Amino acid sequence: MRGILKIAGSIAVLSACAGFGFFAASEIERRYQQLKALYAAFLLIQGDIRYRKSSLPEAFLTASKREGDFSVFFGGVAERLYAYEADFEQVFCEELKKNMGESALKKKDIALLAQLSGMCGKMDGTLQTTAFDWYLSQAEKEIDLLSAENAQKTALLKRMGILAGIFLLVLLL
């Protein structure tokens, strides 16, 4: 009976450590996917402003209609801009704080978005598209960096989780 408990405990410890490693690896992949989704959404917004001559609320409403992690964020910005609750920068930053808590984005990703909000709130369409060009170039650099590192980091985290479990088993048994 005691041997069965040891085996069950060992499996539980190993599974928990491996699960933690796999969860950490999935968060890295989730951040990468979310950055790509933001990039695509802001490319859409920029295209709406540049080619369709849409206003910021119209462009954000268009982006909110796409399925994804940030549709609620874009919809909230568009809705509040249509209601004239505040200027663009304030609305954008408040919605950013409200909706980005559950995302996998890091503080520097959110800070980059906040910086964008200050750049395009009171500008004409040409300057807004220039601000979006700046954001898209910054986001593209981050995405390229992550794509180069992701495979190594995720594999390392998965292995570290499994090895941590084995290490704990050796210590406990």
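Student: A crossing is left-handed if the near helix is turned anticlockwise from the far one by less than a right angle, and right-handed if clockwise. Is the crossing of α1 and α5 left-handed or right-handed?

Tutor: α1 passes α5 in a left-handed crossing. Note that this is a predicted model, where local features need pLDDT of at least 70 and side-chain atom pairs pLDDT 80 or more, while totals for chains, interfaces and linings use all residues. Residues are numbered from 1 along each chain as its sequence is written, and side-chain values use heavy atoms, without hydrogens or water.

Student: Where are those two helices in the chain?

Tutor: Helix α1 covers residues 2–51, and helix α5 covers residues 107–120. Helices are DSSP runs (H or I, at least four residues), numbered from the N terminus.

Student: At what angle do α1 and α5 pack?

Tutor: The angle between α1 and α5 is about 15 degrees, and their axes are 12 Å apart. That makes α1 roughly parallel to α5. Angles under 35 degrees count as roughly parallel, over 145 as roughly antiparallel, 65 to 115 as roughly perpendicular, the rest as oblique. The axes are lines fitted to C-alpha atoms over the stretch in contact, with angles from 0 to 180 degrees between N-to-C directions.

Student: OK, and how does α1 sit against α2?

Tutor: The axes of α1 and α2 (residues 56–64) come within 9 Å and cross at roughly 140 degrees. α1 is therefore oblique to α2. In this pair, α1 passes α2 in a right-handed crossing.

Student: What about α2 and α3?

Tutor: Helix α3 spans residues 71–82, and its axis comes within 8 Å of the axis of α2, crossing at roughly 150 degrees. α2 and α3 are therefore roughly antiparallel to each other, and their crossing is left-handed.

Student: Changing topic. How many salt bridges are there in the whole structure?

Tutor: A search of the whole structure gives 4 salt bridges. A salt bridge here is a side-chain nitrogen of Lys or Arg within 4 Å of a carboxyl oxygen of Asp or Glu.

Student: Why would such side chains pair at all?

Tutor: Side chains of opposite charge can pair when their charged atoms come close.

Student: Give me an example. What does R31 pair with?

Tutor: R31 forms a salt bridge with E142, and their closest N and O atoms are 3.0 Å apart. This pair links distant parts of the chain, since R31 is in helix α1 and E142 in helix α6, 111 residues apart.

Student: Is R31 buried or exposed?

Tutor: R31 is buried, because its relative accessible area is 6%. E142 counts as buried too, at 16% relative accessibility. Buried means under 20% relative accessible area, exposed over 50%, and partly exposed in between (1.4 Å probe, protein chains only).

Student: Which other salt bridge does E142 make?

Tutor: The side chains of E142 and K108 also meet in a salt bridge, at 3.3 Å from N to O. It again joins distant parts of the chain, E142 being in helix α6 and K108 in helix α5, 34 residues apart. K108 counts as partly exposed, at 47% relative accessibility. Taken together, R31, K108 and E142 are linked in a network of salt bridges.

Student: And where do K153 and E149 lie?

Tutor: Both lie in helix α6, 4 residues apart, about one turn of the helix. K153 forms a salt bridge with E149, with the closest N and O atoms 3.3 Å apart. K153 is partly exposed at 35%, and E149 is partly exposed at 25%.

Student: Last topic, the surface. Which residues form the nonpolar patch?

Tutor: The patch consists of F22, I162, L163, I166 and V170, with about 450 Å² of accessible area together. A patch takes residues with over 30% relative accessible area and no salt bridge, joining nonpolar side chains (Val, Leu, Ile, Met, Phe, Trp, Tyr) within 5 Å and like charges within 9 Å. Areas come from the Shrake-Rupley method with a 1.4 Å probe, and for residues only the protein chains shown count as cover.

Student: Which helix gives the most to the nonpolar patch?

Tutor: Helix α6 (residues 125–172) gives the most, with 4 residues. I162 lies in this helix, and counts as partly exposed at 34% relative accessibility.

Student: How far is A155 from A24 in space?

Tutor: Their C-alpha atoms are 10 Å apart, while the two residues are 131 apart in sequence. A155 is in helix α6 and is partly exposed, at 23%. S147 also lies in α6.
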